Amino acid sequence: MSDILLEVKNLKQYFPVRAGLMKTIPLKAVDDVSFTIGRGETLGLVGESGCGKTTVGRTILRLYEPTGGEVIFDGESVTAKNITHMRKQMQMVFQDPYSSLDPRMTVEDIIGEPLDVHKLYSNRKERREKILELMATVGLNAEHATRYAHEFSGGQRQRIGIARALAVNPKFIVCDEPVSALDVSIQAQVINMFEELQEKLGVAYLFIAHDLLVVRHISKRIAVMYLGKIVEVADSDELNENPQHPYTQSLLSAVPIPDPDITRARQRIVLEGDVPSPLNMPTGCSFRTRCRYATEQCAKECPALTDRGDGHFVACWNK
Ligand SMILES: Nc1ncnc2c1ncn2[C@@H]1O[C@H](COP(=O)(O)OP(=O)(O)O)[C@@H](O)[C@H]1O
Ligand SMILES: [Mg+2]
């Protein structure tokens with residue numbers, strides 16, 4: 001059995017967008033993205049809103065048909081044909097626990113639904129036992145089973161969503177900004193729970209966030225995305241201590257550090273301008289319009305993501 005659970009190769013997701021009456025142009029939401037995730041490992045995926053993180057997650061799970069590239073899960077290519085049996089192995093936890101759970105369903109029904117769909121019990125008693133076990137796994141009380149989703153706080157709703165994802169015993173979960181909608185005081189609790197579940201169940205995560213602070217403790221490695229492309233991938237500590245791509249450097253410079261001496265010594269790098277429209281991307285490197293190191297070469301050709309040693313990959317001509 002290979003150590004690699006998920007392999008994403010040159011994944012592309014272009015959405016056709018109307019430009020006039022008869023014409024559509026491609027919005028390159030994900031453009032040539034490649035990475036791997038090991039069994040039981042967490043890869044963090046960070047980048048600002050609109051850079052394509054959710055689209056990567058949804059395309060891996062084949063909620064969208066990819067425009068190009070390939071996803072290999074557990075040695076098998078994920079295609080439209082075999083998606084039914086793969087659905088059990090790959091799950092998603094959504095960003096907004098308010099809109100992703102039907103408020104009129106009871107906790108029992110929400111968690112029981114995937115058990116029903118995949119016929120994972122032989123009688124009502126077993127179904128009930130499985131639901132209670134899942135609730136205990138995510139720290140919900142048994143007496144909550146008959147309550148409705150709308151009666152719960154954001155953090156508790158996210159626990160219900162996680163129990164629902166775990167119901168089919170998946171090997172891999174896309175966690176799409178699972179704490180972004182929660183109060184800061186609750187975020188750490190929920191992240192810790194994801195970590196504990198991983199230790200216990202050996203499940204692998206693609207952990208998406210727009211904030212580096214959120215992913216850096218939970219992730220073994222981190223991939224940084226900008227306008228549909230991965231610009232840097234490295235071990236979590238390496239990325240935090242030795243960021244190479246100017247975009248990663250600016251993201252890190254915005255992360256608060258508890259030590260005032262370090263904060264004083266470190267300069268905040270504020271990026272100029274706005275993120276370009278994905279419908280009107282700059283030529284060459286898409287970050288160049290906001291990059292203080294940009295040269296003529298950057299406008300001509302897009303730099304490839306290349307290994308700078310020890311699995312630290314950077315896509316930049318000047319680094
Ligand atoms: N179904 C869709 N149709 C057209 N454009 C989309 C669709 N989903 C996302 N996009 C566009 O793709 C880009 C990436 O979106 P998304 O993956 O949601 O980014 P993120 O999760 O990083 O905020 C954005 O420009 C967004 O407007
Ligand atoms: Mg998103």
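The largest cavity has a volume of about 60 Å³, a volume being the space filled by probe spheres set on grid points joined across faces, edges and corners. This is a predicted model, in which local features need pLDDT of at least 70, side-chain atom pairs count only at pLDDT 80 or more, and totals for chains, interfaces and linings use all residues. Residues are numbered from 1 along each chain as written, chains are lettered from A and ligands numbered from 1 in written order, and side-chain values use heavy atoms, without hydrogens and water.

Visitor: How many nonpolar residues does the lining of the largest cavity have?

Guide: A cavity is a set of points, on a 1 Å grid over the protein atoms alone, where a 1.4 Å probe fits but cannot get out, and lining residues have an atom within 4 Å of a point. The lining includes His 245, Cys 285, Phe 287 and Trp 317. With Ala, Val, Leu, Ile, Met, Phe, Trp, Tyr, Cys and Pro counted as nonpolar, Asp, Glu, Lys and Arg as charged, and the others, Gly among them, as polar, the lining has two polar residues, one charged and, as asked, eight nonpolar.

Visitor: Are H3 and H5 roughly parallel or roughly antiparallel to each other?

Guide: Helices are DSSP runs (H or I, at least four residues) numbered from the N terminus, and angles run from 0 to 180 degrees between the N-to-C directions of axes fitted to C-alpha atoms over the stretch in contact. H3 (residues 107–117) and H5 (residues 154–166) pack at about 25 degrees, with their axes 7 Å apart. Angles under 35 degrees count as roughly parallel and over 145 as roughly antiparallel, so H3 and H5 are roughly parallel.

Methods. Helices (H or I, at least four residues) and strands (E, at least two) are DSSP runs, numbered from the N terminus. Angles under 35 degrees count as roughly parallel, over 145 as roughly antiparallel, 65 to 115 as roughly perpendicular and the rest as oblique. On a 1 Å grid over the protein atoms alone, a cavity is a set of points where a 1.4 Å probe fits but cannot get out, and a pocket is an open set with protein on both sides within 12 Å along at least five of seven lines; lining residues have an atom within 4 Å of a point.
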